[in-house]
Amino acid sequence: MKNRFNRLSSKEWLPFQKSWFRYVSDDKLISENVLFFTKAEESHEKIFYYGNDYSSVASICCDNSLNLVSAKDYQSEPLQFALVDMRFDISKMTGVEDYLIVREKIMDISQRIFENLQHKRFLCVMIPNKQINENYFPFSWDIAYQLSTVFSLKDEKIACMSSDSPHVNQPYFAPDLETFYCLYFRKDENSKGKYIPVESGLFSNNQQKKGLVSFSKSLPYWFILKPSPRKKNEILHPAKYPEELVSMFLNVFTRNGDNVLDPMSGTGSTQIAALKSGCNAYGTELSEFFMEIANERCQNLVNPQQKELFLKESISGDFKILNKDARLISKDDFPPVDYVITSPPYWDMLNMKGAENQAKRIEKGLLTSYSELEEDLGNLVNYDDFIDELVQIYFNIIDLMESGSYLTIIVKNIKKKGKNYPFAWDLSARLMERVVLLPEVFWCQDDINLAPYGYGNTFVSNTFHQYCLNFMKP
Ligand SMILES: C[S@@+](CC[C@H](N)C(=O)[O-])C[C@H]1O[C@@H](n2cnc3c(N)ncnc32)[C@H](O)[C@@H]1O
């Protein structure tokens, strides 16, 4: 039985819902999008296309009985889907000035698309972020902000390039090819329909002084991890990240003997990885329960009770994890900080008990939130308050960092009750008042089952990618 939204069976629908994918070819990418967002084969739906490869898109449409119209020839017929491919424009850019000219053109086109797109239909924009000389420009995030004044921002998928297929059995797969974004917007009852330029703050303070080129060469663009299984006390925490992830960034951003800080330590993953890589490990954690687990894990690493079982080289770094609200960290708490890696609560997502992972934890009698404490950022209900408080914490920490040192923050864009909150971009835009943005690295998760959200009605991806945001203190 065919569904109402497109003509795909549930088996064909599901793979498209993965929020990152291995990019194979433009033809595959475009035909998957066209077939997902239209009722191909029987209704002669009309597709708008802006981009550099009209003939390939035309042949895909022709094969599926869809009508294609290019930006150049477009007058004002009703549209069922629009595809705006900005990759070629971006590839030619030499700075923000070029981008702003193209942005104006795209916004003009988008306004016309909006006027003619059928209700509840989608616009897909393909666009990369770009490093130009020593500067990194998040063009995709900016265009998403601008387009959100016209359409409703619904979702994103990350196209991950690689000359190899991921090796599922290896603990770590990090290809050396780039990524780009497929951004999804919908015309619906929440769309404002009128372009109002947004001052996104994403280009304000990105005049890089040093270091970007060398570091960005050593960072992967995206990676898949197969972390070692979590031990009993680590499972108690609802959102722990793997030590292997921290080690990857420590290898790039630290040297032996550096002081590493995580203001929201959880079970101490940062500190364990830091100690193992020859650094000193510091942190705070609001929950006394998790702080104790974190300290105990570090203690066992530095001074193992059953020494004979630990034949590996001994760990000599210093560690200290305080049971403290990260808002109150002061320069007297720790020595000067060389590198910060951390992951905050993802707003109040853990309080959304319906989430699949939450249901499983409830079943097993495990904690589903960090704490009931008022100071816990995961208990803030208002998104803007949450961002404000988090930014204040990071500003305070940035003051403690040495000039020329780095900060990595693991976050996710958030979907809540049908609305998209681009947490990773919002946080970056605010932090760029004080630190320089470096290329983001995607942590792509490949070990979770896809759920058929929205099947037959609309597109809702399964978010299986996290942002590793990187910054440098100038
Ligand atoms: C995403 S978890 C970090 C997990 C950690 N990276 C790990 O691997 O175990 C966020 C942590 O922030 C803590 N937290 C929330 N609000 C805090 C605050 N105001 N000060 C310090 N820690 C806070 C929570 O208790 C939680 O453990």
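Reader: Let's start with D348. Where is the place of D348?
Author: D348 is in the loop between β15 (337–342) and α12 (356–363). Helices (H or I, at least four residues) and strands (E, at least two) are DSSP runs, numbered from the N terminus.

Reader: Before we go on, what are the ground rules here?
Author: This is a predicted model, where local features need pLDDT of at least 70, side-chain atom pairs count only at pLDDT 80 or more, and totals for chains, interfaces and linings use all residues. Residues are numbered from 1 along each chain as its sequence is written, and side-chain values use heavy atoms, with hydrogens and water left out.

Reader: OK, back to D348. Buried or exposed?
Author: Buried, with a relative accessible area of 7%. Buried means under 20% relative accessible area, exposed is over 50%, and partly exposed is in between (1.4 Å probe, protein chains only).

Reader: And what does the side chain of D348 make a polar contact with?
Author: With the side chain of K416, at 3.1 Å. A polar contact is a pair of N or O atoms within 3.5 Å; within protein, one must be able to donate a hydrogen and the other to accept it, and residues adjacent in sequence count only if both atoms are side-chain atoms.

Reader: Switching to the ligand. Which residues come nearest?
Author: There are 23 residues around the ligand, and H237, T267, S269, E285 and A326 come nearest. Near here means that one of a residue's heavy atoms lies within 4 Å of the molecule.

Reader: What's the shell like by class?
Author: Ten nonpolar, six polar and seven charged residues. Ala, Val, Leu, Ile, Met, Phe, Trp, Tyr, Cys and Pro count as nonpolar, Asp, Glu, Lys and Arg as charged, and the others, Gly among them, as polar.

Reader: What does the side chain of E285 do with the ligand?
Author: An N or O atom in the E285 side chain sits 2.6 Å from an oxygen atom of the ligand.

Reader: How much of the ligand's accessible area does the protein cover?
Author: 99% of the 600 Å² that the ligand has on its own. Those areas come from the Shrake-Rupley method with a 1.4 Å probe.

Reader: Now aromatics. How many aromatic pairs does the structure hold?
Author: It holds 44. One of them is F223 with F249, edge-to-face at 6.4 Å centre to centre and 70° between the planes. Rings of Phe, Tyr and Trp (its six-membered ring) pair if their centres lie within 6.5 Å, and planes under 30 degrees apart count as stacked, over 60 as edge-to-face and the rest as tilted.

Reader: Which parts of the chain does that pair link?
Author: Distant ones: F223 is in strand β11 (residues 222–225) and F249 in helix α9 (residues 243–253), 26 residues apart. F223 is buried at 0% relative accessibility, and F249 is buried at 0% too. F249 also has its C-alpha 8.0 Å from that of T408, 159 residues away along the chain.

Reader: Why is α9 called largely enclosed?
Author: Because eight of its eleven residues are buried. Among them are L245, V246, M248 and F249.

Reader: And α6, how many residues are buried there?
Author: Nine of the nine in α6 (residues 139–147), so that helix is largely enclosed by the rest of the structure. The buried residues include F139, W141, D142 and Y145.

Reader: What lies over the face of F16?
Author: K157, at 3.6 Å from the ring centre. R87 lies over the face of F180 in turn, at 4.6 Å from the ring centre. A charge sits over a ring if NZ of Lys or CZ of Arg is within 6 Å of the ring centre and within 35 degrees of the ring normal. F16 is also part of one aromatic cluster whose members include F5, W13, F36 and F37.

Reader: How far apart are E32 and F16 in space?
Author: 7.5 Å, C-alpha to C-alpha, and 16 residues in sequence. E32 lies in helix α2 (residues 26–37) and is partly exposed at 31% relative accessibility.

Reader: Last one, backbone. What's phi of S65?
Author: Near 55°, a positive value in a residue other than glycine. S65 lies in the loop between α3 (54–63) and β3 (67–70). Phi of K120 is positive too, near 70°, and K120 lies in strand β5 (residues 117–127).
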